[in-house]
Amino acid sequence: MHKISTYLYTLKQGIINIGKNKMFSLASVATMAACIFLFGIFYSIVGNFKNIVKDAEEKVAITVFFNEDLTEDDIKAIGDRIGKRSEVKKMVYISPEQAWEDYKEKYFEGNEELSAGFEEDNPLANSANYQIYLNDVSKQASLVKYIKQQDGVRQVNKSDVVANTLSDFNKLLGYISAAIIIILLLVAVFLISNTITVGINVRKDEIAIMKLIGATDFLVRQPFIIEGILIGLVGSLIPLGILYFMYGKIIAYIMEHFIFLNSIMKFLPANQIFKMLTPISLALGVGIGLLGSRITIRKHLDV
Amino acid sequence: MITLSHVSKCYTEGIPALNDINIDIEEGEFVFVVGNSGSGKSTFLKLLTKELEPSEGTITVNGVNLRKLRRKRIPMYRRNIGMVYQDFRLLKDRNVYENVAFAQRVIEKSPRQIKKDVPLMLSTVGLAAKYRSNPKQLSGGEQQRVAIARALINKPKILLADEPTGNLDPDNAWDIMSLLDNINARGTTVVVVTHNMEIVKAMKKRVITLKKGSLISDERPVV
């Protein structure tokens, strides 16, 4: 265990390292900031898009119709089996009576007397159905396959286009984001590593003296580790601040200038986005700083 | 205190920098190691600080067999050895006080201990008045005194000096040798590598002579 004064000393030396190596440190902070900034933008886009997809998913339902000879108990037994599937979020049973009521409400509104003739003979007597809402639209195909295998199921109505489009676009956006972020993070690791290498070269004589005097590996390495962590930390705090400031303004701008989007998109509030984005970005910044410095120390510092 | 037993060091196959060296240095001794360039003097010092490993033989310092010394223990071992160099190796961005304090900071001495020890050590080497000076503002002799203060601040049992007067004029060279003699008189074992034969002859100390990696003489002073 080291003394508090030792930790303070290494912290001070880490800060001095950054000061001695201003241009490289600035370049590293800027790259890190650019990475985290882009990460934040993608995170916000993906977060909002997922919210839209989730919203849309909640509206996408599979409708299951049953054979005429099935009793209500048979239908409910099939419904119980379907309801146990993990893909199912919510199921609503629509009885023939309910189906007729809904139909009347929709098509005979204001002309209720026209439907009076059907009161004794429900034209939708065979329309008992389940409306099934999914946890994840990408799982629609597997659930439909299962439902079709059930005895007594007459027809399954589904929307492949909506489900597939939402699912595919979601995946595509995720892949593009991941690829860009990985490339940028690798660049950040490389730049931080270069900065630390320059720092080690600047302090080559000092390190040699430290080692001969009897400094432990911890004391020789720690200032460079701190340098990397500080670069990562500052490089993630700056874009987080900018993004927080910009997010609300951009959402307000979109809502004001693209009014038609208001009906199809529900943007997440800044607090909800930054609740996860802040710890992830800070962890990424510090982690990359740590990784960059550790790689360099292992390569260039023989202690 | 320092024992080299059949020590050889080869950098490249077949060309020994040191060849079958046997030396015993007692605690409190003052020893000169002399020889021309390429005689193996620097290799000898680097073996003692464990910057290099011998190709053959055994080195024991303060009862520690260096071959068996684990990597993790090297910093602790080095704290018992002070090093002084021809080019001083001071930190140019720090003043005299900070250069000496640096040696204590890196072995994790408390700030209170540093504040107590550094002024005392600077008085010992005669630089108390110049504690705020930058190394660039000091003469060669004064810079070497700072280096000696830095080497001694952690109270090592052994002081190794590699050509400590190599960059100094004769007056400063004599001052430094006199300081090293005083340090030795207080009980520190001093090993000085030099080719300044004038000083070696005048100081009448034990002289180990190396030539092309071999020990060719080991003369002790006549008491």
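The model is predicted, so local features need pLDDT of at least 70 and side-chain atom pairs count only at pLDDT 80 or more, while totals for chains, interfaces and linings use all residues. Residues are numbered from 1 along each chain as its sequence is written, with chains lettered from A and ligands numbered from 1 in the order in which they are written.

In the interface, 15 residues of chain A are in contact with 15 residues of chain B (C-beta atoms, placed from the backbone, within 7 Å). Helix 1 (4–20) and helix 7 (204–213) of chain A each supply at least two residues of the chain A side. Helices (H or I, at least four residues) and strands (E, at least two) are DSSP runs, numbered from the N terminus. Helix 7 of chain A gives the largest share, six residues.

Helix 10 of chain A covers residues 270–300. Its 31 residues should span 45 Å at 1.5 Å a residue, and the end C-alpha atoms lie 43 Å apart, which agrees. The expected span is 1.5 Å times one less than the number of residues. Among the buried residues of this helix are A:Ile273, A:Leu277, A:Ser281, A:Leu284 and A:Ile288. Buried means that 20 or more other C-beta atoms, placed from the backbone, lie within 10 Å of a residue's own. An α-helix has 3.6 residues a turn, so residues three or four places apart point the same way.

Chain B has seven helices and ten strands. Of its 223 residues, 41% count as buried. Among its contacts between residues at least 6 apart in sequence, 68% join residues at least 24 apart.

Terms used. Contact = placed C-beta atoms within 7 Å. Buried ≥ 20, exposed ≤ 12 C-beta atoms within 10 Å, placed from the backbone.
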